Amino acid sequence: MKRLVVVESPTKARTIRRFLSGNEYRIEASMGHVRDLPASASQIPEQYKNEDWSRLGVRTENGFEPIYVVPPEKQKVVRELRDALQEAEELYIATDEDREGESIGWHLLQVLKPDIPVRRMVFHEITREAIQHALDHTRGIDQHLVDAQETRRILDRLVGYTLSPLLWKKIAPKLSAGRVQSVSVRLLVQREKERITFVPASYWDLTAQLAQNGSGFEATMTHYQGTRLATGRDFDPDTGRLKDGLEAGKDVLLMQEEQARSLAERLPSAPWTVTNVKIRRKSRSPYPPFITSTLQQEASRKLGLSASRTMRTAQRLYENGYITYMRTDSTNLSSEAIGAARQAVQQRYGDKFLSKSPRQYSGQVRNAQEAHEAIRPAGTSMKTAKEHGLSGLEARLYDLIWKRTVATQMANARLRYVTAHIDAGEGDDVATFRASGKTIEFPGFFRAYVEGSDDPNAALEDREKPLPTLKEGDTPDCKHVEPVGHETQPPSRYTEASLIKVLEKEGIGRPSTYATIIDTIERRGYVQKQGRTLIPSFTAFATNNLLERQFEQLVDVGFTAQMERILDDIASGEQEATPYLRSFYKGEDGLEPAVEQALERVDAREVSTISFPQWGDFVIRVGRYGPYIEGTLDGETLTTSVPGDLAPGDVSEEQLEELLRAGNAPDRVLGIHPEADQPILLKDGPYGPYVQLGDDDQKGKPRRTSLPKAVTPSEVTFEMAKYLVELPKEIGEHPETGAPIKINIGKYGPYAQHGSIFASLKKSDDIFSIDYDRAMELIAEKERKKKPMRVIGQHPETGEPVEVWDGRYGPYIKHSGINASIPDDRAPEAITMDEAVQLLEEKAKKKGKRRRKKAKKS
């Protein structure tokens with residue numbers, strides 16, 4: 001019997017072919033969804049184009065029926081699947097086991113319309129045993145899961161396509177709103193507002209370097225004359241003063257610098273006595289195995305990966321059969337996995353590190369619905385990354401998953417905590433200090449895994465902070481007392497890891513959506529990354545102003561979490577989708593009437609204005625061309641563009657005034673060009689400082705050149721400016737072609753040119769002094785890049801060459817019009833054909849998405 005098995009990706013198909021070979025099975029890939037809602041006006045079926053709801057792709061007047069189309073880039077795939085179906089006697093849908101996978105399978109059936117038996121096979125790991133088990137235990141399509149995914153898709157379309165045009169009209173073009181993305185932006189904006197309004201407070205305490213029987217330790221002052229010293233938690237972040245209910249001198253002592261220094265001088269000679277020693281022991285259990293969100297968080301902390309890069313790498317590990325399905329919010333482990341982990345513990349660490357009985361974890365996420373098992377190494381052998389032959393980033397992420405899984409079956413860590421209180425002084429004039437120590441009596445699972453650390457052994461050493469043996473009545477020696485000044489700090493900005501943690505805790509979105517959410521808000525200009533921190537833009541502030549004032553419910557954390565619970569109820573068959581969609585969109589407080597009201601009521605200038613008392617009379621407004629500062633200087637209202645790297649939480653009144661003055665300063669005349677007999681001006685524009693030959697009112701367009709990034713306006717001399725306005729400069733001829741060699745500055749910075757070859761100058765090159773030999777060296781290097789670094793071979797499906805090229809942003813793989821970057825941790829010469837094909841497939845998917853978005857805009 002001939003069976004056709006359909007999966008989502010070619011990589012997954014190739015892996016499954018290792019287990020289902022021969023003439024009986026044919027494995028094909030659908031390349032994700034084969035149909036979706038229309039991505040642009042051109043994709044809307046002709047019979048619907050005049051309908052009021054057609055731009056949504058959802059029949060809002062007819063039970064919210066979605067209109068599905070097969071996009072142009074998927075029509076070839078559909079034809080190939082139909083051809084394959086003609087030869088099959090049974091069809092197996094083997095897409096992923098989550099709602100998205102169930103939806104892909106359902107759409108395949110709607111498009112292919114098979115007239116042969118259809119079976120749904122599900123598995124959460126791609127191993128021979130798992131695939132065989134899935135074949136032996138098939139089921140039908142779960143319509144409840146399909147309905148839940150369809151409802152999510154419709155909700156996202158209604159919110160995005162209804163709110164985004166409002167943002168274009170009231171704030172700026174190209175903005176977008178989303179059901180989950182807008183809540184994420186609000187969280188970021190709220191945190192940044194807390195940083196802006198934060199008022200720091202200062203306080204002092206003392207640290208003492210003590211020794212007992214020759215062993216040194218440190219103690220921190222906590223009380224003076226029986227009154228507790230104020231610490232950071234005692235201050236109101238909005239006022240910088242002690243919180244209500246705390247009275248200085250009575251409830252807490254707000255020590256000043258003068259008093260701290262005085263005590264530091266006299267306490268070393270005072271008697272020091274241990275008054276109390278407390279010992280407590282604590283047992284620490286291993287962390288649960290990874291779910292999607294915790295894997296993203298830990299990969300960010302330990303490996304420095306973004307959520308999207310973590311998921312791309314995990315996807316490759318899953319599709320190649322190394323780990324179980326990576327989109328899950330279940331912490332369950334199968335009995336086989338537990339057995340394999342326990343065997344690994346015994347073999348690598350010994351029996352004493354094995355937990356007394358198998359340890360199982362129950363999920364903390366409501367209605368965990370993505371998959372039925374945690375992320376773990378696939379199979380039952382629990383092989384290490386080295387044993388699998390993995391390398392680079394895949395090996396590092398696999399190792400993280402392996403350690404976390406194995407640690408679940410290890411013994412608890414046992415820790416001993418010691419707290420000693422020590423009095424310095426006599427009578428009523430006593431300062432009390434506290435010393436704390438920690439000892440790991442038995443490392444247990446720490447031996448394999450310490451959260452947040454990439455090296456468990458080093459982390460164990462760092463975690464130990466033992467105190468010398470102390471008992472009540474001991475009199476340690478005081479070596480030194482140091483006064484220490486403190487200032488309260490504003491709340492930390494979110495990182496990807498901490499934002500995901502909040503989204504998960506609040507029940508917003510699903511694990512499979514977190515990476516997409518963060519990528520979307522970054523791509524739309526709502527956030528920029530500074531290291532690992534996420535900084536909301538001024539555009540994010542303006543967008544949040546509008547949504548908070550007019551659509552408070554939509555950006556409310558609780559309301560968004562409730563929507564997720566409703567989707568869960570639809571998935572379990574406890575609720576119908578249509579009544580909920582009707583209430584959400586057309587109800588009394590629904591989205592459609594709210595948007596109609598907003599079009600009339602919202603004052604575009606008001607919602608686009610950002611102001612805080614800390615900024616004085618200056619404001620920042622978001623306009624069609626970006627954010628700008630507005631304020632009054634010397635009786636005149638002035639504006640200037642906001643620098644692109646200015647973070648809202650770092651802005652001060654003084655800085656805004658300085659920027660406003662600089663942006664409105666008169667052009668600086670650097671001198672008169674001797675040949676042109678025109679002034680050379682130093683000017684400031686929306687894209688930064690530049691030099692210009694002649695005035696603005698001259699006939700024709702003046703010659704302008706941006707300053708190189710390494711040059712500040714204050715450093716520009718007349719000679720430098722003259723050189724820049726005379727660009728491009730010819731510095732010689734090519735010895736073979738006779739064509740001129742030129743130096744110039746373009747969009748991406750300074751470069752040397754020979755015909756159609758443009759070679760960027762390196763950071764160490766100086767555009768003002770580069771000579772002919774260096775320019776030729778750069779051009780020759782660039783010309784070499786016109787040939788591939790290596791040819792990997794012929795593509796297994798197209799037969800066309802797959803090549804490795806060296807590009808502006810590093811080496812990349814090239815095949816049939818697709819360019820895919822090679823990961824930083826992979827050597828170009830070591831890339832295999834399988835790896836190359838996988839990278840090309842991932843890039844092709846992204847390229848298809850961009851085409852659809854571009855078509856939608858047009």
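Which residue in strand 15 stands opposite glutamine 530? The residue facing glutamine 530 is threonine 533. Before going further, a word on the model: this is a predicted structure, where local features need pLDDT of at least 70, side-chain atom pairs count only at pLDDT 80 or more, and totals for chains, interfaces and linings use all residues. Residues are numbered from 1 along each chain as its sequence is written, and side-chain values use heavy atoms, with hydrogens and water left out.

Helices (H or I, at least four residues) and strands (E, at least two) are DSSP runs, numbered from the N terminus. Two strands pair if DSSP finds at least two bridges between them. Strand 14 (residues 527–530) and strand 15 (residues 533–536) run antiparallel and are joined by four bridges. Two residues sit between the strands of this hairpin, and glycine 531 takes a positive phi near 70° there.

Next up is helix 16 (residues 538–550), with 13 residues. From its first C-alpha to its last, helix 16 reaches 19 Å, close to the 18 Å expected at 1.5 Å a residue; the expected span is 1.5 Å times one less than the number of residues. Eleven of the 13 residues of helix 16 are buried, so the helix is largely enclosed by the rest of the structure. Buried here means under 20% relative accessible area, with exposed over 50% and partly exposed in between (1.4 Å probe, protein chains only). Among the buried ones are Phe538, Phe541, Asn544, Asn545 and Glu548.

**Two helix pairs**

Two packed helices are described by the angle between their axes and the distance between the axes. Axes are lines fitted to C-alpha atoms, for helices over the stretch in contact, and angles run from 0 to 180 degrees between N-to-C directions.

| Helix pair | Axis distance | Angle |
|---|---|---|
| Helix 5 (residues 143–170) and helix 19 (residues 591–601) | within 11 Å | roughly 5° |
| Helix 9 (residues 307–319) and helix 12 (residues 392–407) | 10 Å | about 90° |

Helix 9 is therefore roughly perpendicular to helix 12, while helix 5 and helix 19 are roughly parallel to each other. The cut-offs: under 35 degrees is roughly parallel, over 145 roughly antiparallel, 65 to 115 roughly perpendicular, and the rest oblique.

Contact means heavy atoms within 4.5 Å. In the pair of helix 9 and helix 12, residues including Arg309, Arg316 and Leu317 of helix 9 meet Leu393, Glu394, Leu397 and Tyr398 of helix 12. That contact divides into five nonpolar, two polar and three charged residues. Ala, Val, Leu, Ile, Met, Phe, Trp, Tyr, Cys and Pro count as nonpolar, Asp, Glu, Lys and Arg as charged, and the others, Gly among them, as polar.

Four strands in the order 24-25-26-27 form an open sheet with antiparallel pairing. Strand 24 (729–733) and strand 27 (757–760) are its edge strands, each pairing on one side only. The twist averages 30° from one strand to the next. Strand 26 (residues 749–754) and strand 27 pair over four bridges, and alanine 752 stands opposite alanine 759 in strand 27. Helix 23 (residues 772–784) lies across these strands, running at about 110° to strand 27.

The other open sheet has the order 28-29-30-31, again with antiparallel pairing. Strand 28 (790–794) and strand 31 (818–821) each have a single partner strand, so one side of each is left without a neighbour in the sheet. Neighbouring strands are turned by 25° against each other on average, direction ignored. Strand 30 (residues 810–815) is joined to strand 31 by four bridges, with histidine 815 partnering isoleucine 818.
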